[in-house]
Structures are given as C-alpha cells and as structure tokens.
Amino acid sequence: MTTCDGCGAQNSPLMKLSLGKDFFGRAYDRLSPSTDHSPKWYCESCSMMKNLQRDFRDIRTEWDKLRHGQSSTLQNPDDRQRALLRVREISTIAAAVATPSSLLPLTEVTQLLGDLQHQGTPA
C-alpha cells in the first residue's frame, strides 16, 4: 500500500507535480525521472504544502542572498513586495491547518515574515 510521504496518510489519492515554475518564474523539473530512485508522493493536502514549501524556500534563498550582499531578485521593490505578500499568505495557511506540517515549519515562516516586514534593506 502506498502512503503519503508527507503525513503518512493511506488510502488517499497521491500526486506528484513535475514541471513548473518557481515563485520567481524560473523553470524547474522536480521529477528527474532518470535519476530519481526514491520518488516522493503526496496526498492533496501535503501536495499543497509542498507547493507552499517551494515558494517559501525560493523566497528565503533570495532573502539570504540579499542579506549577504549578493545579487538577489528581491532587490527589485516589486518582487520584494510580492514576496512579502506570498509569505504572509503562506503564514496564514500554515497557521490555519489543523495538524502542523513537517514540510513547512511555522516558526521558520514566521521568522522570514518578520524579517521581510520589519527590516529595511538588509546589510
């Protein structure tokens, strides 16, 4: 029997998204069928959390670049505002789920949201 790799649920339809674009519009392929020897499959709820996790990771990576003085997509004020709004949305969704997801720790989301809201341009 197949179980969800996120929450362990059984007897529910599982899915895996393969091609798409990240939060900043860059193309990605998560399947990599020739090299993926242990694919992960998720129920509908965990699949949604994986999508939120991907956006969160993309934004946090760009924030870390900016904080360390590297070139970042977040140097563009419009992208930074859009990222802030997305992290707010992610925070709201992550806080509203009945069972906290191990895929998206609320404490990390809250930290990034605070960083984006309360700090000016990072040093």
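The model on the screen is predicted.

**Stop 1: the segment before β1**

Begin with N11, which lies in the segment before β1 (19–21). Its phi angle is near 60 degrees, a positive value in a residue other than glycine. Is N11 buried or exposed? With a relative accessible area of 66%, N11 is exposed, because the cut-off for that class is over 50%.

**Stop 2: E62 in helix α1**

Next, select E62, a residue of helix α1. In contrast to the previous stop, E62 has a relative accessible area of 2% and is therefore buried, the limit being under 20%. Display its surroundings: leaving aside residues up to four places away in sequence, E62 touches F24, R26, S72, T73 and L74. E62 and Q75 stand 13 residues apart in sequence, and their C-alpha atoms are 9.1 Å apart in space.

**Stop 3: helix α2**

Now select residues 77–96, which form α2. How far apart are the end C-alpha atoms of α2? They are 29 Å apart; the 20 residues of α2 should span 28 Å at 1.5 Å a residue, so the two values agree.

Colour the buried residues of α2, which are R80, A83, L84, R86, V87, I90, S91 and A94. The buried residues of α2 pack against α1 and α3.

S91 counts as buried because its relative accessibility is 14%. Beyond residues up to four places away in sequence, S91 touches L106, V109 and L113.

**Stop 4: where α1 meets α2**

Two packed helices are described by the angle between their axes and the distance between the axes. For α1 and α2, the angle is about 140 degrees and the axes are 10 Å apart. The two helices are therefore oblique to each other, and α1 passes α2 in a left-handed crossing.

Show the side chains on both sides of this contact. From α1, select M48, L52, D55, F56, I59, W63 and L66; from α2, select R80, A83, R86, V87, I90 and I93, which they meet. These contact residues divide into 10 nonpolar, no polar and three charged.

**Stop 5: helix α3**

Move on to α3, residues 106–118. Its 13 residues should span 18 Å at 1.5 Å a residue, and the end C-alpha atoms are 18 Å apart, so expectation and model agree. Which residues of α3 are buried? They are V109, L112, L113, G114, D115 and L116.

**Stop 6: where α1 meets α3**

Finally, show α1 and α3 together. Their axes come within 11 Å and cross at roughly 45 degrees. These helices, too, are therefore oblique to each other, and α1 passes α3 in a left-handed crossing.

Select F56, I59, R60 and W63 in α1, then E108, V109, L112, D115 and L116 in α3, which they meet. The residues of this contact divide into six nonpolar, no polar and three charged.

Note on methods. Residues numbered from 1 in each chain as written. Predicted model: local features only at pLDDT ≥ 70, side-chain atom pairs only at ≥ 80, totals over all residues. Heavy atoms only, no water. Helix = DSSP H or I, 4+ residues; strand = E, 2+ residues; numbered from the N terminus. Expected span 1.5 Å × (residues − 1). Buried < 20%, exposed > 50% of the residue type's maximum accessible area, 1.4 Å probe, protein only. Contact = heavy atoms within 4.5 Å. Axes fitted to C-alpha atoms, helices over the stretch in contact; angles between N-to-C directions. Parallel < 35°, antiparallel > 145°, perpendicular 65-115°, else oblique. Left-handed = near helix turned anticlockwise from the far one by under 90°. Nonpolar A, V, L, I, M, F, W, Y, C, P; charged D, E, K, R; others polar.
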